[in-house]
Amino acid sequence: MERPAAERIDHTLYLHPQTLARLGSMELRAKIIVEGVTSGTHRSPYQGFSVEFAQHRPYVAGDDLRHLDWKVYGRTDKLYLKQYQQETNLDLVVMVDSSGSMAYGSRSFSEASGIGAKAGPRGQVNWTKYDHATALAAAISYITLRQGDRAGVVVFADQVRSLLSRSSSQRQWRQIIETLSQHPVEAPTDLSRVMDQTLAKIGNRCLIALVSDLFTDPAQIKTALARLRHRGHDLICFQIIDKAEETFEFTGPAPFEGLEGEARLRVDPRALRRAYLEAIHGHMREVERIVRSFGYEYETVRTHDWLGPPLAAFLARRNARIKRSKYG
Amino acid sequence: MSLPIIIHILMRRRRRPIAWGAMRFLLEAYRKQRRRLAIEQLLLLLARCALVALLAIAVGRLIFERPGERAGGVTRCIVIDNSLTSAVRLDDGRTALRGHVDRARALIESMDETRGDRVAIVLLGAPVEALVSPPTADLRGAARALDSIEATDSAMDLDAGLAMARELLDGAEGGAGERQEIVAMSQWREGSLAGAADLDGAAADGVLLIARPESTTPENIRVASVEPVRTVMLALGGVGASGVAGVGQVRVGLARSGGDLGERAVRVTLGLERERDRRGRIGDRTHERLALGGMTARFGVGEREIELSVPVTLQDLTPGAGSLVAEIDDDALGRDNRYRREIDLRRSIRVGIVGDRPADLGRRLEDFRPADWIALALSPVPGVARRTEIEIEGLAPLAVEASRLAGLDALVVTTPGLLPDASWAALRGFADRGGLLVVTPDDSMGSQGWVGRMTRALGLAWEGAWDVAAVEPPSLIEVARDDQSGLLRLLAGELEPLARTVVVERVLRVRAAQGRGALLRLTDGTDVLLADRPGGEAANAGLVVMLNIAASVDWSTLPAKPLMVPLMQEAIRQGVGLAQARWRVSAGAWPTLSPGVIELRPAEDGRATISVDDAARPRSALRVAGLWRAVDGAGLDRGLVVVNPSEEASRVEPTDESRVLAVAQARAEDVRWLDAPGEWASGETTARRGDPGRPGISLMLFAAALGLATLELGLARWVSHAGAGSGV
């Protein structure tokens, strides 16, 4: 059901026209052949009778005579059937983390959104990691839908908070934005549980875009990705990091309050900076190592950077790798 | 102290909370650093507490201290050497003392009343006295008081002066911000340092600023001694129309110090200084100085001491007591150019002889009683000596009473066993007034029980058997070597051969305690002649001479031997002089006078009478040489007090800085040189501006607070890790 006009989200808040323009000419290709219900630009894992020839096989009784290669029969008097590489559509599932830690942002909303808005739809004046994740999700969804592929969204924290089924309709992108417009919750991420819940809803193999700060136990991440890998899905991992989190350049003593229900900590940040940076950078390196160990793509996305350039660069690198694997 | 803690806590509380996403990493970092952070915070808190405490104390001191203290006032005790040595004149004609006074005045003028500076002044001439006490802020008044300082004839008592200075400074109600200093001004010549004994103990706290020693070496000659042949001078050449006349010899000792010790001639003059009644006006006394003679003394090269005999002529002098004064020409230190010696001019000596019958030299020798032998010894030329030099008066034992004794100079008791007890008390009074008492055993008694009464009545420390003992075999007399009384001094050359001729058969074995005071002994060690003052060693008047042999041929051959005459003559002539009450002391001493003396009257005009306390001590010190008469309650003279310049203080040789420094450092922990007045004034200005070398307590606290603040800043920066690199 469509939301009332007053509650509708201004989609341009998250997908700046400049970002869209930058992404417009790009193709989002699946790294591996995914199943799809419609033909598209992506290779299907099923070799059937689509338009792109794959190989010949001997005719057996009962085969559809429409797929006989008559030219081979004319030259060799042997019956061979032509087999084709079916090109199907891309099913993209964007998993957006809405845990408490995603509510942090040090960049002003007006500066980050690029359209002059001083506050977000929830009144927030800071451009949070969740906002940035929403923008990223919108971007890749837009690209997917524009290719005619299906896209869906899963918003999660300690569990799946909301889920939008995959669709390729023109209204899907708007619904994706609206789905993402909910608040982050004051709960930690439980990625393995969320992954179980998500995989239970997905029948065919998909490209899953995980957009999260991944401030969770690396072992949990590893477990979740192992299940994902086991089910044959592809994954692009976008780790969202705020610049303040990455540099921790606070100058004076202040109390810190956790966004996921942690205790308040009164400390001079300068005194802890070194140890903190060691901890967070160590965690990010560990996450990247885990993700890459499963053969998935990993990309750090910083909230202070424009979404377009890093996303375009990421897609360019990804497509280049797909082509290399396809054509040798 | 709670303030910094509250601030410390508030500083940590006042910031608004920061909602933080990556809390798990912050908590992880905190868990790793928690212990270190706690220590850092504790250090920071302690530093802040200390900083606030220091500031509070420093500010508190500024608020609550007196205005003078707030400015870092100085309380200074100036100790000035005004001893005999300080009277030495330098090349410019000024005395050293004048230099000290000028320098002290410059020092006082450099001080600041408004800052709370105070000054006290102590004079080091012994006995030390406080000229300005307690420390006063009236600096002008203190400077004026300097004009009244005069040199003494006593030595410098540095230790007593420093002790008094410290007492004054300790008693000054100064705050902790006050500086206290002792400034010692002296030329530190040998005479000044002579009394500064080596100290073994730890030096006292405090600052001692000392003037640098003077290096000039003026020559000083002093009169070291004046020794008349006898202190009682008799009319040797007969009696003139109105007084004593005659000639004599006086030995004068001279000593010199400083200079180049080259040949030097100095004129010595002798005079008589005394008081006497104006002619025809009893009680109206006048001071007179009479020239007696003189001669020129010559020092050879390198010679430091010489002694010369100066002939004196007594012409038509009124009998009476006075002082013989030896004086030399003026030199660099003029105050020690005069030396006094008490002397008594007599027409004759009146001697009473107590015997069982009056002495009669007309008897046959075999009928001579002891009194006769003694009278014969005292008047060997019949009819001459009795009338002139020694007048003899016979006394019966029962006639020995105060009224009969009043006109006598000496009393010889040959029958002490016949004296009633009251007579011994009268004899004690006679001795205390300066009389000479000669006692011999009673030749007719075997047991001399009177000895006990005598020793008790006269306060003599004599002891021994009271029974007459036979000397078996008869013994000779020999001279004891410890004649400290000087009674037989003039016989010293002939006494030994004379004594060897005497054979003693009987003796009374009364002996002096510990052998002290024995003049003659038997060869077996038995004392023969004893002399002591009645009342013991502390007494200053009277003399008791005990001859343990009766003047009888039954006891010894003494009466018939040549020794008898000089022995008795000297015992009387010298004994009368020794028995007279007189006190000859060095300037600065406190003589103990006889009981009954109530005051000392100066023989010279311009000096004040000094009262005497119940302990027979003058109430003010005798710092200046001179002649005083000790007067009792009846207004009668009880003796003379002769004060001469301190012998040790007259040495004017310079000392080197190392010695002065050693002396000072033995007495104060922090010793500094007091430089020239100009330099001192500039140094004082520096001190007034804050004295970086010795800041006040508040200033030090502020400096410490500043240092601590710097430390706190550094510590805070270190604790905050503001300079920590961003790289990981």
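Predicted model: local features only at pLDDT ≥ 70, side-chain atom pairs only at ≥ 80, totals over all residues.
Helix α8 and helix α13 of chain B are roughly perpendicular to each other, because angles of 65 to 115 degrees count that way.

| Pair | Axes come within | Crossing angle |
|---|---|---|
| α8(B), residues 370–378, and α13(B) | 8 Å | roughly 80° |
| α7(A), residues 218–230, and α9(A), residues 269–293 | 10 Å | roughly 15° |

Who meets whom in chain B? From α8(B) come B:Trp373, B:Ile374, B:Ala377 and B:Leu378, while α13(B) brings B:Met564, B:Val565, B:Met568, B:Gln569 and B:Ile572. By class, this contact has 8 nonpolar residues, 1 polar and no charged ones.

In chain A, the α7(A) side consists of A:Pro218, A:Ile221, A:Lys222 and A:Leu225, which meet A:His283, A:Glu286, A:Val287, A:Ile290 and A:Val291 in α9(A). Here the classes are 6 nonpolar, 1 polar and 2 charged.

In soluble globular proteins, nonpolar side chains tend to be buried together. The largest nonpolar core in this model has 125 residues, and those touching the most other members include B:Val351, B:Ile374 and B:Ile572. Which helix gives the most to this core? Helix α13 of chain B (residues 564–579) does, with 8 residues. Apart from this core lies another, of 80 residues, among them A:Ala137, A:Ala139, A:Tyr142 and A:Ile241.

Take a closer look at B:Val351: leaving aside residues up to four places away in sequence, B:Val351 touches several residues, including B:Leu378, B:Ile390, B:Ala410 and B:Ile572.

Technical notes. Residues numbered from 1 in each chain as written. Chains lettered and ligands numbered in written order. Core = buried A, V, L, I, M, F, W, Y, C linked by C-beta atoms within 7 Å. Buried ≥ 20, exposed ≤ 12 C-beta atoms within 10 Å, placed from the backbone. Helix = DSSP H or I, 4+ residues; strand = E, 2+ residues; numbered from the N terminus. Contact = placed C-beta atoms within 7 Å. Axes fitted to C-alpha atoms, helices over the stretch in contact; angles between N-to-C directions. Nonpolar A, V, L, I, M, F, W, Y, C, P; charged D, E, K, R; others polar. Parallel < 35°, antiparallel > 145°, perpendicular 65-115°, else oblique.
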